[in-house]
Amino acid sequence: MKSLTRKTLSSNSSMSFKKVFFLFIFFQFSLSLFSQIKLCSWNLENFGKSKSDSAIDFIANTLKPFDVVAIVEVVAGNGGAQAVARLVDVLDQKGFDWDYCISDPTSGSTNSSERYAFLWKTSRLKKLGRAWLDSCYQSEIEREPYFADFIFEGKIFTAGAFHAVPKNKQPETEIKYFKFLPEKYPTKTFIFSGDFNCPESHTVFNPLKGLLYKPIFTNQKTSLKRECVSDECLASEYDNIFYNSTKIKFSKSGVIHFYKSFTSLQSARTVSDHLPVYFEFFLN
């Protein structure tokens, strides 16, 4: 029988220590990932009955890694709410149970009125109370923002979805009212997401930034061109997420270049003319 020397025992002890150390690091890393919330915002361009089953399945596969999703540009008329329900039914078949809420049509003109929707994994988040379309500035904002409170590990944040008027209608005339929302709701930890039709570099965002709300992107184009030019397929810096940096810790952000899964930009645009944008964060 092979005898155990002091050197062997020392070597085994060293190996055991390293194993425990790496297991501890792995556990801490896994715990950190589990404590992280993944939010996605996506303008799904006329999201309604025109979306095919294959498009709905593609959207579900794109969204399934996230904990909470804000959908912008849900059709206000027939088919919008049904399309959201179809999407959630498909998501439910992909490994997690999801819940959702849909806004009433926004208060703007019939031609511009839309709905918003929030989707979330019930194993990760719980919605508190009723979501609401903010009516405070509905006469100044064509499609007033939609808000919902969520609780995660005993901490609450408020997700917001917004779709500004097109660039030719001066979206900055609407965005300027966002600086008043933190004062109107002083106890809420806001995350403002959506299609602002305006780059974050515009001075209209300066008051919000002065309140320590930070954008997840700078110089990031998020809308699709009609045709790629010299391999450049993105058009404008429209979609973004602004978060309360005093109460939320940034982890990661990005865009999903979903159009690369299609043979042409035209076929990709049957899903949407915008990229999904995402934000991974911790609540302080």
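Visitor: What makes a run of residues a helix or a strand here?
Guide: Helices (H or I, at least four residues) and strands (E, at least two) are DSSP runs, numbered from the N terminus. F147 lies in one of these, strand 6, residues 146-152.

Visitor: What kind of model is this?
Guide: This is a predicted model: local features need pLDDT of at least 70, side-chain atom pairs count only at pLDDT 80 or more, and totals for chains, interfaces and linings use all residues. Residues are numbered from 1 along each chain as its sequence is written, and side-chain values use heavy atoms, with hydrogens and water left out.

Visitor: Why is F147 called buried?
Guide: Buried means under 20% relative accessible area, exposed over 50%, and partly exposed in between (1.4 Å probe, protein chains only). F147 has a relative accessible area of 1%, so F147 is buried.

Visitor: Which residues is F147 in contact with, leaving aside its neighbours within four places in sequence?
Guide: Contact means heavy atoms within 4.5 Å. The partners of F147 include F118, W132, L181, F190 and F192.

Visitor: What makes F178 and F196 an aromatic pair, and what kind is it?
Guide: Rings of Phe, Tyr and Trp (its six-membered ring) pair if their centres lie within 6.5 Å; planes under 30 degrees apart count as stacked, over 60 as edge-to-face and the rest as tilted. The whole structure has 32 such pairs. For F178 and F196 the centres are 6.2 Å apart and the planes 70° apart, so the pair is edge-to-face. F178 lies in the loop between helix 4 (172-175) and helix 5 (181-184), and F196 in the loop between strand 8 (190-195) and helix 6 (206-210), so the pair ties together parts 18 residues apart in sequence.

Visitor: Are F178 and F196 buried or exposed?
Guide: F178 has 3% relative accessibility, so F178 counts as buried. F196 has 2%, so F196 is buried too.

Visitor: How do you know that F192 and Y213 are stacked?
Guide: Their centres are 5.5 Å apart and their planes 25° apart, so the pair counts as stacked. F192 is in strand 8 and Y213 in strand 9 (residues 213-215), 21 residues apart. Both are buried. F192 and Y213 also belong to one aromatic cluster, with F147, F178 and F196 among its members.

Visitor: What makes C228 and C233 a disulfide?
Guide: A disulfide is a pair of cysteine sulfur atoms within 2.5 Å. The sulfur atoms of C228 and C233 are 2.0 Å apart, so they qualify. The structure holds 1 disulfide. With 110° about the S-S bond, the link is right-handed. C228, at 37% relative accessibility, counts as partly exposed, whereas C233, at 7%, counts as buried.
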